[in-house]
Amino acid sequence: MQSWIISTIVEFLFHALPKKYKAFFNEVGYSYTKSRSKRWLNLDIAVIDRAELSKPTGSYLKVPPEVVIELDTKADLTKIGEEYYIAKTQKLLNSGVKKVVWILTDYKKVQIAENKKPWLVVDFDYEFEIVDNIRMNLKKLLEEEEKQA
């Protein structure tokens, strides 16, 4: 299910985003700090302003994405802590990411976090802005995908 949702969102982004942005997906490595220690995160989907990109060098993205979209992990959170979602979201926002969206499939909820704004937790049918007035309603998007199958 995770792959299907990611694929559906990526297809939507490829068609909806203006050329100003590039969407990366498939566990994008993002170096979120300049520290010498291992400080990187894997991202499910990252929307990046093309003006911030240079020719790829090394293994990790070094500029903060405009938007990061994550799907809930199926990892055993007892080993990494229940606060995983909050901690990862806060690290991303602190690094300069403007918006972090979590798709929580078990509860059919979407968490939307922006720096210095209240974080929202909404239902799948809530229409929200990705970037530059590009809006997404996950429930409608998934229903449209099911009709095409």
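Modeller: With contacts: two residues are in contact when heavy atoms lie within 4.5 Å. In this chain, residues 24 or more positions apart account for 51% of the contacts with a separation of 6 or more. Keep in mind that the model is predicted.

Biologist: How many helices and strands does the chain have, and in what order do the elements run?

Modeller: There are four helices and eight strands. Starting at the N terminus, the order is α-β-β-β-α-α-β-β-β-β-β-α.

Biologist: What share of the residues counts as buried?

Modeller: Buried means under 20% relative accessible area, and exposed means over 50%. Of the 149 residues of the chain, 42% count as buried. The accessible surface of the chain comes to about 9,200 Å², and 50% of that belongs to carbon and sulfur atoms.

Biologist: Take K88 as a case. Is K88 buried or exposed?

Modeller: The relative accessible area of K88 is 5%, which is under the 20% limit, so K88 is buried. K88 sits in helix 3, residues 84-94. If neighbours within four places in sequence are set aside, K88 is in contact with L41, N42, L43, E70 and W102.

Biologist: Now the rings. How many aromatic pairs are there?

Modeller: Rings pair if their centres lie within 6.5 Å. By that rule the count is five aromatic pairs. In one of them, F14 and F25, the centres are 6.1 Å apart and the planes stand at 65°, so the pair is edge-to-face. This pair links distant parts of the chain: F14 belongs to helix 1 (residues 2-16) and F25 to strand 1, 11 residues apart. F25 is partly exposed, at 41% relative accessible area.

Biologist: Which kind of pair do W40 and Y60 form?

Modeller: Planes under 30 degrees apart count as stacked. W40 and Y60 are stacked, with 5.2 Å centre to centre and 25° between the planes. W40 lies in strand 2 (residues 40-49) and Y60 in the loop between strand 2 and strand 3, so the pair ties together parts 20 residues apart in sequence. W40 is partly exposed at 27%, and Y60 is partly exposed at 31%. Elsewhere, ring pairs link Y84, Y85 and W102 into a cluster.

Biologist: What is the phi of N26, and what is the phi of E27?

Modeller: N26 is not a glycine, yet its phi is positive, about 80°. E27 is not a glycine either, and its phi is positive too, about 55°. N26 lies in strand 1, residues 21-31, and E27 is also placed in strand 1. N26 is exposed at 62% relative accessible area, whereas E27 is partly exposed at 43%.

Conventions:
Residues are numbered from 1 along each chain as its sequence is written. This is a predicted model: local features need pLDDT of at least 70, side-chain atom pairs count only at pLDDT 80 or more; totals for chains, interfaces and linings use all residues. Side-chain values use heavy atoms; hydrogens and water are left out. Helices (H or I, at least four residues) and strands (E, at least two) are DSSP runs, numbered from the N terminus. Buried means under 20% relative accessible area, exposed over 50%, partly exposed in between (1.4 Å probe, protein chains only). Accessible areas come from the Shrake-Rupley method with a 1.4 Å probe; for residues, only the protein chains shown count as cover. Rings of Phe, Tyr and Trp (its six-membered ring) pair if their centres lie within 6.5 Å; planes under 30 degrees apart count as stacked, over 60 as edge-to-face and the rest as tilted.
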